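Visitor: I have a model open and would like to learn how to read it. Where do we start?

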Amino acid sequence: MTATESKIKIKEGFVGQRMIVLPPNVRKWFSKNALINGFYLTDIGYYPKAIYHDRERKTGSNAYILLYCIDGEGSVNMNNQSYTLKPNTFLIVPKLMAHRYKSSVTNPWSIYWVHFGGTNADAIYARSLEEGQIKVHSIPFDEGRIKIFDQLFSILEHSYREKELEIVSMNLQHFISSLVYYKQMNPVIFDVDSVSLSIAFMKKNLDKRLKTEEFAAQLGFSVSHYIRVFKQKTGSSPINYFNLLKIQQSCQYLYFTDRSIKEIAIKLGFDDQYYFSRLFTKLIGLSPLNYRKTHKK
């Protein structure tokens, strides 16, 4: 890097940047507010095409730092590892961890960033990890997410009054949750793994009496491997889960049809009406007859 570049590198400010750093007295007030002391921001900003953006904290930060890249690229270095941020990716830097992040010189990033803290911040950060490890997450661009961010800025630029700061903190948690919980908020897009495929197969065959071996074969898995991965995701054995789906469907039949309990049992692959009734009672807490009497209009 030339001497000129070195000088440019440490300059603050980028064309079109937006940045707000809350004053110390406002930050101190957060801890006294029962509505938002669990989660709040301390700094927030947007740096477009931030060439020579280079920030190093040798002792880390007292807050968590969200870096959300929408254009260009850059790198984050911490704990002797390097992470690359490209368009539509994000990463959360843990608090008190030494780090350095910088924009690419040839393809500078545009990033939204937030420093956040609070008693719930540890738990939100933990949800961003994968098997306990820091991860760069890829997510589709969502204009609605950017509108939330812009709204945060608009409110803060207008006032630091109590109610304004409360709604900012609440919306900030929604903004970060839309990143951290993206898969859970969009299950149709992401539930394409083997267990989800197996559950979809179960739902299509609720009228059949299927065994674990048949579910495993449908995926090309050994029975032992299938049981293990299924239980890891659902916390349940395949047969127990299959039976639960059947009982859930039977609730629909009891509510919306006049079929007898015996007819419903047969419809869902149960030869023994009394076994079906015992299973229903165990899972729902009411017998099929009492469920119908209680809920049917």
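Visitor: Which residues does Leu66 touch, not counting residues up to four places away in sequence?

Guide: In soluble globular proteins, nonpolar side chains tend to be buried together. In this predicted model, Leu66 touches Phe90, Leu91, Ile92, Tyr112, Trp113, Val114, Phe116, Phe175, Ile176 and Leu179. Leu66 is also among the residues with the most contacts inside the largest nonpolar core, which has 54 residues. Apart from that core lies another, of 25 residues, including Ala216 and Leu245.

Visitor: What is the strand order in the open sheet of six strands?

Guide: Strands of a sheet pair through backbone hydrogen bonds, either parallel or antiparallel. Here the order is E1-E2-E9-E4-E7-E10, with antiparallel pairing. E1 and E10 are the edge strands, each pairing on one side only. Look at E4 (residues 64-71) and E7 (residues 89-93): five bridges join them. Tyr68 has Phe90 in E7 as its bridge partner. Helix H4 (residues 143-158) lies across E1, E2, E4 and E9, at about 110° to E2.

Visitor: Now helix H10. Which of its residues are buried, and why do they line one face?

Guide: An α-helix has 3.6 residues a turn, so residues three or four places apart point the same way. In H10, Tyr226, Val229 and Phe230 are buried. Seen down the helix axis, the buried residues of H10 fall within an arc of 100°, so they line one face. Ser224 and Gln232, on the other side, are exposed.

Visitor: What do the buried residues of H10 pack against?

Guide: They pack against helices H8 (194-204), H9 (212-219) and H11 (238-256). Just after H10, Gly235 takes a positive phi of about 75°.

Note on methods: Residues are numbered from 1 along each chain as its sequence is written. This is a predicted model: local features need pLDDT of at least 70, side-chain atom pairs count only at pLDDT 80 or more; totals for chains, interfaces and linings use all residues. Side-chain values use heavy atoms; hydrogens and water are left out. Buried means under 20% relative accessible area, exposed over 50%, partly exposed in between (1.4 Å probe, protein chains only). Helices (H or I, at least four residues) and strands (E, at least two) are DSSP runs, numbered from the N terminus. The arc is that of the directions from the helix axis to the C-beta atoms. Contact means heavy atoms within 4.5 Å. A nonpolar core is a set of buried Ala, Val, Leu, Ile, Met, Phe, Trp, Tyr and Cys residues joined through side-chain atoms within 4.5 Å. Two strands pair if DSSP finds at least two bridges between them. Axes are lines fitted to C-alpha atoms, for helices over the stretch in contact, and angles run from 0 to 180 degrees between N-to-C directions.
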